[in-house]
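I opened a new structure today and kept notes as I went. The entries follow the order in which I looked things up.

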Amino acid sequence: MDHLIDDNDRLKPCPFCGAEAEIITLEGETDEPSIGAQCVQCTSSACGAASGLIYPLMDDVTHLLIERWNKRHNA
Ligand SMILES: [Zn+2]
């Protein structure tokens, strides 16, 4: 398990264009329901690939975001 966690500490490059990916936190209008949601997004503006949103309610979701992104990469 420890090794798996280590592997999931890094975001893999975008599966579509190979650019770096980063975790972003959405900001927007006050009414915006997606406020505070986080997702992994490709840093290439021409690509714009992004993972599904995760709402960090109680815990740090960084690992979950990375895990999901990396799984998509391998799919
Ligand atoms: Zn990309």
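I started at Thr43, which lies in the loop between strand 2 and helix 2. Helices (H or I, at least four residues) and strands (E, at least two) are DSSP runs, numbered from the N terminus. The model is predicted: local features need pLDDT of at least 70, side-chain atom pairs count only at pLDDT 80 or more, and totals for chains, interfaces and linings use all residues. Residues are numbered from 1 along each chain as its sequence is written.

The cut-offs I used: buried means 20 or more other C-beta atoms within 10 Å of the residue's own, exposed means 12 or fewer, and partly exposed is in between, with C-beta atoms placed from the backbone.

I then checked what Thr43 touches. Leaving aside neighbours within four places in sequence, Thr43 is in contact with Ala19, Glu20, Ala21 and Glu22. Contact means that the two C-beta atoms, placed from the backbone, lie within 7 Å. Thr43 and Ala21 are 22 residues apart in sequence, yet their C-alpha atoms are 5.4 Å apart in space.

Next entry: the strands. I looked up how strand 1 (residues 21-25) meets strand 2, and they pair in the antiparallel sense over five bridges. Two strands pair if DSSP finds at least two bridges between them. Glu22 stands opposite Gln41 in strand 2.

I followed strand 1 to Thr25. Thr25 is exposed, because it has 10 other C-beta atoms within 10 Å. Its contacts, beyond neighbours within four places in sequence, are Gly36 and Gln38. Thr25 and Gln38 are 13 residues apart along the chain, with 4.4 Å between their C-alpha atoms.

Which residues form the two faces of strand 2? I noted Gln38, Val40 and Cys42 on the covered face. Cys39 and Gln41 are on the uncovered one.

Back to the loop between strand 2 and helix 2, where I found Ala50. Ala50 counts as partly exposed, because it has 14 C-beta neighbours inside 10 Å. Not counting residues up to four places away in sequence, Ala50 touches Cys39, Val40, Gln41 and Cys42. From Ala50 to Val40 I read 5.5 Å, C-alpha to C-alpha, across 10 residues of sequence.

Ser51 is in the loop between strand 2 and helix 2 as well. Ser51 is buried, because 20 other C-beta atoms lie within 10 Å. Beyond residues up to four places away in sequence, Ser51 touches Cys39, Val40, Leu65, Arg68, Trp69 and Arg72.

Then I looked for the core. The largest nonpolar core has seven residues: Cys14, Ala21, Val40, Cys42, Leu65, Ile66 and Trp69. Helix 2 gives the most, with three residues. A nonpolar core is a set of buried Ala, Val, Leu, Ile, Met, Phe, Trp, Tyr and Cys residues joined through C-beta atoms within 7 Å.

Leaving aside neighbours within four places in sequence, they are Ala19, Ala21, Cys42, Ser44, Cys47 and Ala49.

Last entry: the whole chain. I counted two helices and two strands. Their pattern along the sequence is α-β-β-α. Of the 75 residues in the chain, 13% are buried. Among contacts between residues at least 6 apart in sequence, 37% join residues at least 24 apart.
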